[in-house]
Amino acid sequence: MSLKVLLVEDEISIADNVRMALQQEGFALTHAKTVTEARLQMSREHYSVIILDVGLPDQTGFEFCRELRRHDQTPILFLTARASETDKIVGFELGGDDYLTKPFSPRELTLRVRALGQRGRIAASQNRLGLFHVDHDKYRISFDGKLLELSRYEFKLLELFIRRPGVVFSRHQLMQSLWDDPDMSLERTVDAHIKSLRAKLKEVRPDLSPIQTHRGLGYSLSESET
Ligand code: CA
């Protein structure tokens, strides 16, 4: 399976260079030009490595990194333009994992991304929250040691909930993030998937109800019930 990399970079020429370098290595690259776009991509898809520019139009890469690290440990490689930026990263204030100063060599970039991806792979294979265990490589989730038989959307829903425990997602947000044709689908299809997901969790642990309904708001995964 190819390594999925998210590049957050507003300069098209740099993005093109990164794309060329990584595609030669067989990595799958998604490009976001802003932090807002990056957030959306990350709610849709799991990435093994994030390449993060510092100067971005809507927020700095530093701010985004700090925000991510509250709930997400995806390895981050910073692309920096100035030595002063590098100082911050080297100071480990931020939770970044590595950095490259522009201009960088494509060869060095791919080597560093590969190394981070391997580290992330180990982390992903140990990705757990309470009784949940997510295997991103095999698209499988087990609950209290039992492998769940999930449909594609059930997997996507549960994987998102586990990644963001306690966060309430509206039906609209869930459809926009996870569905292939969100505008062609009805929001009550989310309810149908949640219902069958709950039934599958109930089979494993009848005493727990990890997926909470928030009336008028949406759904969340309860941290105390996992
Ligand atoms: Ca920039």
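Author: Residues are numbered from 1 along each chain as its sequence is written. Because the model is predicted, local features need pLDDT of at least 70 and side-chain atom pairs count only at pLDDT 80 or more, while totals for chains, interfaces and linings use all residues, and side-chain values use heavy atoms, with hydrogens and water left out.

Reader: What makes D10, D53 and G55 donors of the calcium ion?

Author: Donors are N, O and S atoms within 2.8 Å of the metal (3.2 Å for Na, K and Ca); water is not among the atoms, so sites may look incomplete. D10 (OD), D53 (OD) and G55 (O) coordinate the calcium ion at 2.2 to 2.3 Å, so they meet the definition. Their spacing along the chain is D-x42-D-x1-G.

Reader: Why is D10 called partly exposed?

Author: Buried means under 20% relative accessible area, exposed over 50%, and partly exposed in between (1.4 Å probe, protein chains only). D10 has 30% relative accessibility, so it counts as partly exposed. G55, at 44%, is therefore also partly exposed.

Reader: How do you know that the buried residues of α1 line one face of the helix?

Author: Helices (H or I, at least four residues) and strands (E, at least two) are DSSP runs, numbered from the N terminus. In α1, the residues I14, A15, V18, A21 and L22 are buried. The arc is taken from the directions from the helix axis to the C-beta atoms. Seen down the axis of α1, the buried residues fall within an arc of 130°, so they line one face. The face turned away from the buried side carries the exposed residues M20 and Q24.
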